[in-house]
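Q: Can you walk me through this one? I have not looked at it before.

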Amino acid sequence: MDNKYIKYFKFLFIFCIFIISIIYSFSFTKPDIILDKDTIDVKVFSNYDGINYKAYLYDKDITDKINISGSVDTSKVGTYDITYSYDSFLNSASKVLKVNVIDDVKPVISLDGDLKVKMCPHAEYKEIGYHANDNYDGDITSKVTSNISDNKVTYSVSDSSGNSTSTERILNRIDDQIPSIVLKGDSVINVNLNSTYSDEGAVAEDDCDGDISSKISVSNNVDTSKVGSYEVTYSVSDESNNTTSITRTVNVVDSSVNTSNNTDTGKNESGVIYLTFDDGPGPYTNDILDILKKYDIKATFFVTGIGSDSVIKREYLEGHTIGLHTYTHKWDIYSSVDSYFNDLNEIQDRVYKITGEKSKYIRFPGGSSNTISKSYSIGIMSTLTKEVENRGYKYFDWNAEVGDADTCAKSSVTNKEACVLNNFKKSLYKNGTNVVLLHDIKSYTKNALEDMIKYALSNNYKFKKIDDNTKTMHHHVNN
Ligand code: ZN
């Protein structure tokens, strides 16, 4: 070959290389797609708005030529691919965005009943109820686990995305209720002097501990060899040391001979009833006077500072005995001898102004056997019982009572009239004198009075008022 051809081929070869390299550089240069992020998290049920992106080819912005494919269902937790691509005959490229639809909201546990539950110390917790709800899974109550410890219940639950929550119910283990204690037998019992007193006991029940009758302790100082009014006290404590007590009054009565402990010369009167009304005059006293008038019965009224003068006047004019109870009926009259007599003089003045006559008959508030006076002055009753006699008075306690100020007065007693009547019947002694304590300020005493009278008359009792021939009736002095 001559040189001319060699030159020509050389040129052609270089030209071809040149053309090929131009084509090569166009066809193998990829567009540059730039995504803000490779991966994004989107909360379930929120809106997915896409992301920012750009695309360039040979420094030219081709963003608007980008094709986006794929979709995101934000109502379903999962991972979705979104593809950003550019396609042309020579230059193609694509990038993928991973979209994670996530649930990061904790479920909610709601408890039925109180968050703090009071219960007995050893009681077993019984589930009150609960519910669990999740924003994504819905009702997941069945997935709740509960763990009961001594002082709380812990409830836990996780949703399908692993979001977990827990809540507590506090168990306030406490017994602050006092037990209930009930006497077996009557709350007032009369026993004869020198007889045997056998106590019937009591039963006790606690809200947490159940029957605790066996834990009752009894203090019983009944001395049937001495006339007097005694109290038997039954006390009980539950395991949490809530303590309660109840008392029974036991009257040791000498129903055959002398019931008095002084030198009074009155005689015992078989089958005689002295109705004695304390604390009035009150709103029912006139009705009581009407009933007494109807049966021509004389009674004794131990009056106080309350009520109308005209009622005391009527008591006096209709032949009843006016006795002195107290002016104020406050316990602090037992603070001293002076304070007692100041009060007594006041009620004596009232009676004297109304009737023109002084009374020498006294009834101590609470009776001479009362122990409340101890907290005002130790030994005051021992002093006063002597001192009133030194000053010419005679005091009267009682040996029969209807319970109208205590046992029958309780709100739990529905038929107070029947209670009063029943106590009246039970407390009478056919072979002895009966000084009956009543209160003319009680409606049910007034209501039961006629039945009491009828019962007594049909059983051949006689009614009398206290006068100088009446033998004094004295309790055992306990202070
Ligand atoms: Zn009274």
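**Strands and zinc**

A: An open sheet of three strands runs in the order β8-β10-β11, with antiparallel pairing. Strands are DSSP runs of E of at least two residues, numbered from the N terminus, and two strands pair if DSSP finds at least two bridges between them.

Q: Which strands stand at the edges?
A: β8 (108-111) and β11 (138-139) do; each has a single partner strand, so one side of each is left without a neighbour in the sheet.

Q: How many bridges join β8 to β10?
A: Four, and β10 covers residues 130-134. Val-108 stands opposite Asn-133 in β10.

Q: Is this a predicted model, or what is it?
A: This is a predicted model: local features need pLDDT of at least 70, side-chain atom pairs count only at pLDDT 80 or more, and totals for chains, interfaces and linings use all residues. Residues are numbered from 1 along each chain as its sequence is written, and side-chain values use heavy atoms, with hydrogens and water left out.

Q: New topic: which residues coordinate the zinc ion?
A: Asp-279 (OD), His-325 (NE2) and His-329 (NE2), at 2.1 to 2.2 Å. Donors are N, O and S atoms within 2.8 Å of the metal (3.2 Å for Na, K and Ca); water is not among the atoms, so sites may look incomplete.

Q: How are the donor residues spaced in sequence?
A: As D-x45-H-x3-H.

Q: Is His-325 buried or exposed?
A: His-325 is buried, at 2% relative accessible area. His-329 is partly exposed, at 30%. Buried means under 20%, exposed over 50%, and partly exposed in between (1.4 Å probe, protein chains only).
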